[in-house]
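Please look through the sequence and the model shown here. The paragraphs after it go from one part to the next.

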Amino acid sequence: MAALATTRPEMTDSQWGEGRVALVTGGARRVGRAIVFALHRRGFNVVVHCNNSRTEAQAVADELNSARANSAHVISGDLSVAVAATAQRLVAEAQAQWGRLDLLVNNASLFFLTPLEKATERDWDQLMDTNVKAPFFLTQAAAPHLKAAKGGVINLGDVIGEQASPPLTIYGISKAALIMATKNHAIELGPEVRVNYICPGAVAWPEVEQDHHDDAFRKEWLSRTPLGKIGTAEDVADAVVFLASPSSSYVTGSGITVCGGRSLRL
Ligand SMILES: NC(=O)c1ccc[n+]([C@@H]2O[C@H](COP(=O)([O-])OP(=O)(O)OC[C@H]3O[C@@H](n4cnc5c(N)ncnc54)[C@H](OP(=O)(O)O)[C@@H]3O)[C@@H](O)[C@H]2O)c1
């Protein structure tokens with residue numbers, strides 16, 4: 001059979017990330033951890049950012065380094081404190097590890113309910129700082145390195161950033177703002193850097209049950225999900241891999257919704 005005409009370089013799953021460096025915020029646990037492993041499997045060296053989960057982040061790095069020497073590194077910092085300065089420091093540390101930065105995955109996020117009658121200014125500041133301000137200033141700090149590497153940014157949004165879901169109001173506002181930041185940054189950072197987002201539905205329930213976010217809520221959510229099941233962290237990681245890969249080289253300012261169809265109807 002004749003070879004198919006393609007402009008894509010020949011590559012296997014494990015090759016295309018080789019020689020590249022990814023910084024994944026909140027990469028120690030849950031979805032972030034799955035993203036770290038998925039990118040590493042494609043050959044990336046990974047900088048695993050954490051805040052409280054230092055032990056878990058180090059365990060991730062140890063496992064990856066034993067699979068491939070000097071391929072993972074841990075950095076830490078609270079993204080809700082002195083946000084712009086923290087972002088500058090984290091990007092400098094990430095870049096210094098291997099002398100380049102090709103991919104920023106803004107995964108770290110805070111999630112809690114904020115009913116209108118109870119929400120405080122502190123709630124607003126914590127959610128907006130962690131979920132929007134930090135990705136904004138991380139992108140700003142990373143931009144020169146990403147431009148040099150012709151790299152990318154992938155922001156973790158949420159279907160709740162596109163559909164109202166009170167009392168997750170401030171969280172939803174923060175994710176809506178992150179989606180808009182993505183679109184603006186795609187314009188500002190082109191043509192060298194691609195900037196995209198992913199909107200997961202339910203892929204890992206919050207570990208702490210919060211008010212209405214209980215068993216009944218979860219059953220109801222699944223009953224309205226066309227694929228009838230909760231997704232997995234790997235489902236989201238696969239979308240990250242696609243947006244990081246040469247297969248999405250003409251995609252920027254775009255989102256992929258990974259929600260089992262849940263966001264199709266109210
Ligand atoms: N899980 C889902 O079903 C779902 C659904 C829709 C969207 N998403 C989005 O997908 C992403 C990953 O979801 P997830 O459920 O895995 O997230 P998560 O467990 O709620 O949080 C991920 C990490 O964010 C870090 N983080 C929180 N506050 C921080 C701060 N002030 N400074 C630095 N790091 C901070 C934490 O790191 P440490 O543990 O090191 O402190 C945490 O492990 C998030 O952006 C989330 O909004 C998830």
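Pro-200 stands opposite Val-258 in strand E7. Strand E6, residues 194–200, runs parallel to E7, and four bridges join the two. Two strands count as paired if DSSP finds at least two bridges between them. This is a predicted model, in which local features need pLDDT of at least 70 and side-chain atom pairs count only at pLDDT 80 or more, while totals for chains, interfaces and linings use all residues. Residues are numbered from 1 along each chain as its sequence is written.

E6 and E7 belong to an open sheet of seven strands in the order E3-E2-E1-E4-E5-E6-E7, with parallel pairing. Strands of a sheet pair through backbone hydrogen bonds, either parallel or antiparallel. At the edges are strand E3 (72–76) and strand E7 (255–258), each of which pairs on one side only. From one strand to the next, the twist averages 15°.

Next come the helices. Helix H1 (residues 30–41) packs against helix H7 (residues 233–244) at an angle of about 45°, and their axes are 8 Å apart. Axes here are lines fitted to C-alpha atoms, for helices over the stretch in contact, and angles run from 0 to 180 degrees between N-to-C directions. The angle makes H1 oblique to H7, because angles under 35 degrees count as roughly parallel, over 145 as roughly antiparallel, 65 to 115 as roughly perpendicular and the rest as oblique. The crossing of H1 and H7 is right-handed; a crossing has this hand if the near helix is turned clockwise from the far one by less than a right angle, and is left-handed if anticlockwise. On the H1 side, the residues that meet H7 include Arg-30, Val-31 and Ala-34, and their partners in H7 include Ala-233, Glu-234 and Val-236. Contact means that the C-beta atoms of two residues, placed from the backbone, lie within 7 Å. By class, the contact of H1 with H7 has 11 nonpolar, no polar and three charged residues. Ala, Val, Leu, Ile, Met, Phe, Trp, Tyr, Cys and Pro count as nonpolar, Asp, Glu, Lys and Arg as charged, and the others, Gly among them, as polar.

Helix H3 (residues 83–98) and helix H4 (residues 121–149) also pack at about 45°, with axes 8 Å apart. That makes H3 oblique to H4. H3 passes H4 in a right-handed crossing. Among the residues that meet are Val-83, Leu-90 and Val-91 in H3 and Phe-137, Leu-138 and His-145 in H4. The contact of H3 with H4 divides into 10 nonpolar, three polar and two charged residues.

Arg-30 is found in H1 and has a positive phi of about 50°, although it is not a glycine. Which residues are closest to the ligand? They are Gly-26, Arg-30, Val-31, Asn-51 and Ser-109, out of 25 that surround it; a residue is near a molecule if its C-beta atom, placed from the backbone, lies within 6 Å of it. H1 gives the largest share of this shell, three residues. The shell has 12 nonpolar, nine polar and four charged residues.
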